[in-house]
Structures are given as C-alpha cells and as structure tokens.
Amino acid sequence: MWDVFLSYSRQDASQVRLLHAEFVAAGLKVFTDESAVAGFAGISDTIRSALADSRVLLAYYSLGYPERPACQWELTAAFLAGLGEGDPRRRVLVVNPEPGTAHIHPVELRDTRHGEPETLVADVLAHLRQVPGPMRLDAAPPRVYGELPSAVGEFTGRLPDLWRLHSALHVQEAPLVTGRTSAGPVQLRGMPGIGKTRLAREYALRFGAAFPGGVHWAAAGAPRPPQAPEKPCLYVVDDVPHGLPPRAVMELTAPHPLVRTLLITRSRAYGGHGEHLDLEPLPEAAAAVLAGAPEIADAAAGHPGALGLLGRAAAAGRGPAALAGRLYQPGRSLLDELAGDELTADHVRDALSAPAEAQDVLRCALALSPLPAGAETVAPVLAAADRLPHAVALRRASAGLAELTVRGLLTPARHHLHPVTAHSWLHHEGDPARAETLRRAVLSSLGAATTTLDGPGLRVPGVRQEGITMRVREAERMAAFDLQVELVSRIGVQELPADSGSLREALTSLNTLFSFTRDTLRRYSIGLEPGTAPTVRSVADHLLNEILRPFTTRWHPLLAAWEAHRPPHTSPLDHERGWAHAATFRSDLNALREPLQGVAASLAEISGAEFGISTGV
C-alpha cells in the first residue's frame, strides 16, 4: 500500500522530486509515475492500480496542473473517493505554489489549508494517522428520480468542466473563500450538441455522493422539483427554451435550501438568474480523440455532437476526407443522415424563429466566416443590399447581432459563427435568393479598398444601390443615433437588481461614455461647446457635465479606496458586497435612470429612431 500518491504536471517535475525525497526520508511510501512504474509496464493500468492502493493523493496544484488529462483523472478519482466517505478533503491534499487560489477546483479544495514547505512532511504524517486504509474508487450509483437521458458516444475532455460545475453548485461549502453562504441556481449554457446534457448526466452519476437525497431529472416542459427533501439533492431541468419570461424561469428553480438546481439551456437571455457556466467546444487534444482523423477534427471544430457522428462513421470504414467533403454538398445533411434524425433543424430552431434582421445577420456571418461578424462589418452590407442609410443599417446589424448572441447562435465576444451552425443553417435556409444577395454584398465590401461616409458607396452586382451624400443634418442624425444605441445599452439606463451585478462594472460602463461621446462627436465633426438648441452637442454636454460627471466624481474615489483593501483570497464581487456604501451607490445609480432615459429620448428626436435595445446580452 502507498502512503502518498503524488499527482503533478510534467512542468513541475523538478519541484515534485524534492517533495518525493523529503517524504521518502520521513519513511513514507510514495508513488510517482517517474519512480514507481516498472520498465515496459502499462502506465495507465499501473497508475489506476496504484491510486486504488493509496491512502491519499497529494496534488501539486500549479496553474498547469488542471491542463494535464492524467492529473484531471487522478484528482477526480481521489476526490470522489473522499466524497463517498463524507469529505473529499479526506483523500486529497493540496500543495499550491501559486499566489492565488482561483485556479483550484473543486471549490472544497480551495477552502482548505494548503501544504506549506516548512511543515508539509509533519502535516502529511498527521493527516495519514486519520486515514488508515486505501481509498475506494468504486462509488455507489446515486438514486435517480425521473429518467436520465441516454449516453451517446465517449465522454472525453470535460473533467475540468465537471469540477467547475461542482464548484458552482457548492459555492456555499467554502464561505470564507467565496463569501457565499447559500447556493443559487446554476445555468449550464451552450450551443446545441455541445454536450450540456451529457456533462450534466455525467456529473449526476459521478458526483452522486454529494447528493444523498438523490438526483431529480426533469424536462422544462414538465418540471418536477423535489418536495420537502430531508437531505441535499440535485434537481436538473433539461432543455430550458429561449424566450421564457423571468417569472417562468424562476418557477423552474426549486426553492428548498437543500436542493441544488441546474438549468440546461442554449439561451443566454437569463444571465441575471443565478450563476452560469458556458460550455465551449472541446480542446484540440480531446477533439482529436473523438474525430480519429484531422479532416474530421478540422471540419467539426471541437463540436462533440458532430465529432461523435463523424468519428464513428470513420471508424466504421468511411473515408475521413469523403465525410468532411459531404458536409459541404447540397441535399440532405450528412449529420442528419448519420444521426437518423433532423439534427440540423433542432440546431437552428432558434434562428428559424428569429426576427428578419437576425436572420440577415446570420446570412452575413455565414458569408464572412471564419471572420467575425461585428456591427461595423455587417452594417455596410445591409446598407448596400437594401439601399439604407448607414445609421439604419447599423441599428439593424446591432439588433440582429444582439438577438443571435442571446439565442446562442454566435459567440458573445467577437460574434464568430461555429462551422456546425453554418452547416445547419445552409440546410435550412428559407430564402436562398436573399442569402445570395447578402453573400455578394459581403464579397463586395471585403473587396472594397476604402469606404467613406460621403463617398458614392459600394457597387454591388445584383443589389439595389445608389450613392448617399452625407450632409450636415445627416451627420447630426447619425451621431445622435450612435450615441443613442450606446447609451440605452448601459447599466445606468437599466436597473441593476439588488445583490447582483458588479458595482465596478457599472461605474466603468458609465465612465466609458465620456470617451465614446467625444470620439463620436469627433468622428462626425461636431463640437462639444454648450448650446441652447436641441442639438447633439448640447445633449452631449448635458449628459457628460450635468449627469455623469457628478456621479463619477463622487463614487470613483470611494469605490477605488474600498477596492484597495480587498484581501488577496476574496473575489472582487464578494468584496464589493461587504462595502458599507454599496446600497447608497445602487440607489444613486438607479436615480440616474430617469435623466439618462431623458437624454436617450432627446437623441431619439434628433436621430428619428425610437427603438429598444436588448440588454440581455
């Protein structure tokens, strides 16, 4: 039997050798894959057997530790063994060489006294006296209420996501680290087929020991929350659709304090409801395992659903290059054929019900892919295709991008379109002529050397086009529109709910209006001198000097002074919640809503565009 199983990343081998020597000198039996795997022996089998024959795992938890698949597996196995005994820290010890702890998951391991060089050997010896036998790796399955979805394909590359999910559901287990004494609902978000349900299923089965009250699985259309549980339990609500009102989302959450609620959704519209975890495409190494061939890995771009279908087809003897080629051929989708179902229709069902401007932006994103589809890139295309003023085209582009992002069809940061989404949309395009018009406009805009506001515009074959000359009044209207779009999306215009959101982000959001306003006025050659007429410059002067400056001048130094005293192991958000002036800040921030909405209304009178901008993105 091994006393200590040393788990570490290769980049930390030299430091771990020193620990190994100290433990051996103290009379401990220590396993490392460098010193205890016999020549020509099976490494995986040896490590699995050694871990099952070890009393504790000691993780050298550097920043590189969670990136190594072997470390992920070793830590998860030991953590679950301790969890089955009632405390995961019974079987897992941590040495943290980094200055912070945010990289450590699951959260229970963050809320423990990590090994210190001066007392490490003595502390390990003391801990081992409380752990007489080896760890058990065979955990009992949880009690399941409802029907778990079936598992399709191999579960790979997601162990760190299991850790993150467990930490999100158990933030209250480490109150001194997280500052949280209760756990709210957790949203698991991502595009269709990215593996949300599979991850939740795997978590429910592996981490069942954390929920002695059982796992309750339900669909959003037929919720069945546990009633009066006596022990902690997990409540999973699968396939929460886009477009639910806030009250309906709240009703899907079990109110009992012993119930941890996990909502699975592709929508990003419910950001204010609890914590959220965004599931990304698989990392390259894990994608290669599922794909089995580089052609398939490139075509599927880390999408587990597509990788699984294509990889299994390749393993059955179909050529990888031919499979990749079929993705771009007309006719029935290859993914639908391999799945035996209308998989692609489900993938873009939110796009099919989206407003017309969102579908047009999706067509532009498809033509631009793999380039990002920003508002400034899409607006000239819509302007050229429909003979629109730039301001109107920009409004449509911004609204379409916001709608697609909140529906999970574009990435939030740079508005990238995933290849699987592109493939699915191509096979369900309802207006091929419109798609071709926008494709030509995209190609023409990319080929144009320069584009100016007062130039003749783009000459696009097959679309309506005429030159638009910018006059002084047009410059005023466009500047007002740009300011209006920017203003109505700011935190100050929308109410910041109590006990949610970041005060620093709210203040920063308002601060950036200073530079944005000046840049906008400079771009349209509009001065910033005060004026009496309802012009852009007079409205801007009122906004900056009479509304924003008194607020930022008061609150910026006060908040900065409080932030300077944040303890190193407390998150900025949790530190904000302990600020004595937080409630007054929120009250003053909410008091800005009326004057800011008045400025937005004044800008609307100049721009002629009265509209609402979604703030759910």
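Helices (H or I, at least four residues) and strands (E, at least two) are DSSP runs, numbered from the N terminus. This is a predicted model, in which local features need pLDDT of at least 70 and side-chain atom pairs count only at pLDDT 80 or more, while totals for chains, interfaces and linings use all residues. Residues are numbered from 1 along each chain as its sequence is written, and side-chain values use heavy atoms, without hydrogens and water.

**Overall make-up**
- The protein chain contains 27 helices and 10 strands.
- Of its 617 residues, 49% count as buried (under 20% relative accessible area with a 1.4 Å probe, protein chains only).

**Confidence**
- The mean pLDDT (the predictor's confidence in each residue, from 0 to 100) of the protein chain is 85, and 87% of the residues reach 70 or more.
- Residues 449-472 stay under 50 in pLDDT, and residues 528-532 are also below 50.
- Where pLDDT is low, the predicted coordinates should not be read in detail.

**The second largest pocket**
- A pocket is an open set of points on a 1 Å grid over the protein atoms alone, where a 1.4 Å probe fits, with protein on both sides within 12 Å along at least five of seven lines; lining residues have an atom within 4 Å of a point.
- Lining the second largest pocket are 43 residues, of which G193, I194, G195, T197 and G305 lie nearest its centre.
- Elements that each supply at least two lining residues include α8 (196-206), β8 (233-240), β9 (259-265) and α20 (419-426).
- Helix α12 gives the largest share of this lining, 6 residues.

How values were computed: Contact means heavy atoms within 4.5 Å. Buried means under 20% relative accessible area, exposed over 50%, partly exposed in between (1.4 Å probe, protein chains only).
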